[in-house]
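I keep these notes as I go through the structure, entry by entry, with the cut-offs written beside each term.

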Amino acid sequence: MTNTLHRYGKADSFKDDYIIFAIPSRGRNDENCIPKLKEFLKICARHNPVNIGNGQRGTLAPGKGLNPRTHWDRGEKPDFDAVIEGVVKPGTVSAVFSNESDARECLLEIIEADFGISVNISTSVENAKDIAGKCGISRHSVEYALSVNDPHDHLPNSQIMELSTMCGHGMVSFNLARKMLDMVREGRRTPEQAVATLTRFCPCGIYNPTRAKRLLLEASKEQR
Amino acid sequence: MLINPKKCVACGNCVPVCPMGAIFVDPGINRAVINDDACVECGTCFRGMSTENLNPVLIRAIRKIASIFRFRFEPEPDVCPTSAFEMNELQMPRLIRQIFSDPVVEHASTGIKGRGTEEVKTNDVSLRVDTGEVGYTIEFGRPGVGVRFSDIQEMTRILSGNGVTFEKNNPITHLMTNTETGDLRADILEEKILSAIVEIKTTIDKVEQVLETVYRVNEKIDTVIAVGISTRCDEEGEDHILAPLLEDLGASYERAKTNLGLGRITNALKNTKMEDMIK
């Protein structure tokens, strides 16, 4: 349900994008899985993830009933504990890492913990093979993302596609990605502020703010 | 989804937020409104926007004065200043829009939130796609375009004649009135959703035929399609069959979801799905 498969970009574009997620299977290993899912997230939180999620919220979430001061000082920090405590039903839990080293160290600890729940990694094909090999495990199954077929010319340019498809459920609209890119280009928002805005719209917590910041900085220098 | 006209101040912040582009400021009434036909009830505006509870009359007055002097207030772009969005209670068939478009709503049929299923993410315990088989996730409408069920039916009808097996634990399969013909429920055909995934399975020799069929049908239906294609790896964790075939077909694949094989069946025997025991 994290729907991380169809992130737009060439393989090299996923150099800072490693998603590890655990998913219990209904009727097979979902009994008493809540403590395991929480422990999975706690392990992930120890290895410098850039986002974690429980299917209901990520580390940055929309604020309700805010004070007008918000417009000058948002003053919020990623909240890992809220994500971990928010696991109340069997479902996918995930963590996003911005480098191979953190993802690998995290995966080694997950293997050691032996939860018995299916664990997947979503990144480029080569990144996944490499990290599985370094962790001494054989891949069980693989699902390849074929490129999006768009015969009717609906899709925007690659910069917007890369920013938008990091929420696999499509909650980061093309228009919002375009607006935030324009605001960075025009100096009306910093890349960090723009990334935080985009990240809050992804309710599963799989948006990668580090990759988004890199993409925004690259795109802001190149108008398409 | 509703926008309360008594609260809306036409600030326009919500307009770019909508994944379907269904929100616009109507100059005739100076309020944001939703194009109900284009709205897929994904909840992005209601759930994803942060909110304040400011007085709408005061905010409209400030905005009016500022506009006279061409002042531009630069508010946070994801904030609705007056909490104007309201979720209305939906009935079928419109309810199906929310079920398929809002990722935090759980499908009763699969127990999975959003439009997805377990796919090969749990293949190490489900063996949904076994050795020699190929699984496909044919996703319609994503990213950012949307799809109507009538267009999905166009595809399922043609696929059904190609000797494919529809995955039974899939939300679209649950909406079929006949899996032999690929027909979907008539009452939902004109409903628009953010996306949906048709899941099928074939033997390896059918890959070229299935992909050719999918892309040919896509020419006729006005949406985008993203295909995921999966297989089980060998004992060494290698895929010497599907990946080389995709290369031969000239299919581009840069990214993958990889099941690392760490799962096992841990439920008590009486609660475990029996097909696994057979396998």
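I began with strand pairing and found that S1(A) and S4(A) run antiparallel and are joined by five bridges, where strands are DSSP runs of E of at least two residues, helices are runs of H or I of at least four, both numbered from the N terminus, and two strands pair if DSSP finds at least two bridges between them. In this pairing A:Ile23 stands opposite A:Ser118 in S4(A).

I note for what follows that this is a predicted model, in which local features need pLDDT of at least 70, side-chain atom pairs count only at pLDDT 80 or more, and totals for chains, interfaces and linings use all residues. Residues are numbered from 1 along each chain as its sequence is written, while chains are lettered from A and ligands numbered from 1 in the order in which they are written.

I then looked up the other pairing of S1(A), and strand S3 (residues 93-97) of chain A is also joined to S1(A) by five bridges in the antiparallel sense, with A:Ile20 opposite A:Ala95.

How many residues of strand S1 (residues 18-23) of chain A are buried? I found six of the six, so the strand is largely enclosed by the rest of the structure; buried here requires 20 or more other C-beta atoms within 10 Å of the residue's own, exposed 12 or fewer, and partly exposed lies in between, with C-beta atoms placed from the backbone. A:Tyr18, A:Ile20 and A:Ala22 point one way from the strand, and A:Ile19, A:Phe21 and A:Ile23 point the other way.

Turning to the contact between the chains, I read 77 residues from chain A and 85 residues from chain B. S4(A) gives the most to the side of chain A that touches chain B, namely seven residues, and that side divides into 29 nonpolar, 34 polar and 14 charged residues, with Ala, Val, Leu, Ile, Met, Phe, Trp, Tyr, Cys and Pro counted as nonpolar, Asp, Glu, Lys and Arg as charged, and the others, Gly among them, as polar.

For chain A as a whole, I recorded eight helices and five strands, in the order β-α-β-α-β-α-β-α-β-α-α-α-α from the N terminus. Its radius of gyration is 18 Å, which agrees with the value near 17 Å that a compact globule of 224 residues would have, taken over C-alpha atoms with the rule of 2.2 Å times the number of residues to the power 0.38. Of the 224 residues, 57% count as buried.

Technical notes: Contact = placed C-beta atoms within 7 Å.
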